[in-house]
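I wanted to look at how two chains meet and what sits around a ligand.

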Amino acid sequence: MHAIETKDVSFSYEGGGFRIAHLDLTVEEGEFLAVLGHNGSGKSTLARLLNGILVPDSGTIRVFGTPLDDQHLYEVRKQVGVVFQNPDNQTVASIVEDDVAFGAENVGLPREEIAKRVEFALGAVGMLGLRNAVVSRLSGGQKQRVAIAGVLALKPRVMILDESTAMLDPRGRREIVEVVKKLNREEKITVILITHFMEEALLADRAVVMNRGEIALTDTPAGIFARHEELLTYNLALPRIGVIAKKLTEGGLRVRDTLDPEQLAEDIARSVRR
Amino acid sequence: MKDVAFGQYYPVNSFVHRCDPRLKLFFLVAFIAAIFVANNFWALGACAAVLIAVVALSRVPLGKVLRAIRGVLILVIFSAVISVFFYSGETVYWKYGILCVTREGIFFSVFLIIRLFLLVICSSMLTYTTTPVALTDGIESIFHVHVLALIMSIALRFIPILMDETERIKNAQKARGADFESGNIFKRIKAIVPILIPLILSAFRRADELGDAMDARCYMGGKKRTKYKKLTFSWRDLVAFLTAAALVTGVALLRVYVGGM
Ligand SMILES: Nc1ncnc2c1ncn2[C@@H]1O[C@H](COP(=O)(O)OP(=O)(O)OP(=O)(O)O)[C@@H](O)[C@H]1O
Ligand SMILES: [Mg+2]
């Protein structure tokens, strides 16, 4: 069964020119999918469609076989958690554990179950020690981990992160990426990671590039980065390190396509020595 | 300002802190009733004794408790002076036109001062020993309105964020040469507009995002909702309840059998 399956989904905002047209996307259970795309390409719109915050004009969305419609809205929302971009705009309570409990309270779970889930969610993001901390005093990375925990408390099978690392410093970004990788590996949560950072996309099993409301490319992350020129037409630029690796290969040096400076250095050293 | 979530809350773990917020609200109402039923010094003394016991049990430093009085000192003195000069009574010490000082007037003023002090101290004990969130949780559970607690919780969460943001916008405008400190009142109000507009816009954007985040976490109003932390009464609350009941009864009995001064 597919974790997520959209068939011929179209959507446009009222009065806006932007349009998602005939979108077909399938995400497998346990998959780690990266979504890339320039500003305004429709990534957030896609995220909001996938858990029913926005409703498509036509087409169907299924989550583990359940159609996303009025009848099954909350059933689907429980399965598809979304973590947003701004760490300050998704917390409702001042205390960490109270905020994590919010979603579980909303769906009417008994208290003992909520307590268990808060415990589990905070443990999964490594924030158990800060369960009674005041949210506004946390770092950006910690706040986003709380946001992830708040989603985890609903025990979703799919987690969408809509540029959840965009406002963080490199350290915070690393914290979030680590947590997400772990959830994908250990909890078998299907991950859709929307990001501007190509390095993050490299962690995924598969990546899609969005362009003007359409899926322009689907491939492995490495495969996508190999299409350097094509990416430019979608207003996406490979990070400088990737361009350097590319030029080196063109110049006859045997290095892998990589965005990891360490790896590139290793490769250069190896081929130069030879 | 980051501490707004705790208001005046004084974080120690005392008997009073651990009482149920609903009971503390009840206690406050009962205490206020007792203060106004009390019409002789015995009764008022009983109220004061109970309050002193509460303060001692709460482990809130005396300095903090007295600071609560300082805020209303002028008001209290003012009302006391007014009532001394305008209260009419039988034993007149001094008279000039409509102004007079009587024995009854002096008693009344002293009563007034003590009552107001007791009132202010007792209310501030509530805020010193209860977080705003616990307080609204209490109110929510008494009146069964879920949105109230949610609004309170979100407001407390976002006030520090918006304060920070105001500061940031203000500094940005200052960097562009805006002047908030000089000029007459109209000039200053005019200078605030360029702060207010971006602030309001940003608040709306935040609200929009928060709404989505709440939807994504299955928020569907208060109907099905359960609570993670439930308020429960304990033996402390029984002690507090009995104290309040005894105080009100005692004061009422003193009023009937001893009478006013
Ligand atoms: N509520 C709305 N009403 C009308 N148009 C909107 C609304 N939200 C977004 N849009 C428009 O839809 C388009 C796609 O927006 P979307 O937020 O999905 O892009 P994105 O890929 O997430 O971009 P970014 O990288 O900036 O987050 C944009 O042109 C945007 O202006
Ligand atoms: Mg976006």
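My entries on the interface come first, then those on the ligand.

**Ground rules.** I'm working on a predicted model, where local features need pLDDT of at least 70, side-chain atom pairs count only at pLDDT 80 or more, and totals for chains, interfaces and linings use all residues. Residues are numbered from 1 along each chain as its sequence is written, chains are lettered from A and ligands numbered from 1 in written order, and side-chain values use heavy atoms, leaving out hydrogens and water.

**Interface.** I looked up the contact (heavy atoms within 4.5 Å) and found 30 residues from chain B and 43 residues from chain A. Buried area, meaning the accessible area (1.4 Å probe) that two parts lose on being put together, summed over both, comes to about 3,400 Å² here, with 52% from carbon and sulfur atoms. On the chain B side, Arg157(B), Arg217(B) and Tyr228(B) lose the most area to chain A, together 29% of what that side buries.

I then checked salt bridges (a side-chain nitrogen of Lys or Arg within 4 Å of a carboxyl oxygen of Asp or Glu); the rule finds six across this interface. One I noted is Arg157(B) with Asp88(A), at 3.5 Å, N to O.

**Ligand 1.** I listed its neighbours (a heavy atom within 4 Å), among them Tyr13(A), Phe18(A), Lys43(A) and Glu163(A). Oxygen atoms of ligand 1 gave me 2.8 Å to a polar backbone atom of Gly40(A) and 2.4 Å to a side-chain N or O atom of Thr45(A).

Conventions. A polar contact is a pair of N or O atoms within 3.5 Å; within protein, one must be able to donate a hydrogen and the other to accept it, and residues adjacent in sequence count only if both atoms are side-chain atoms.
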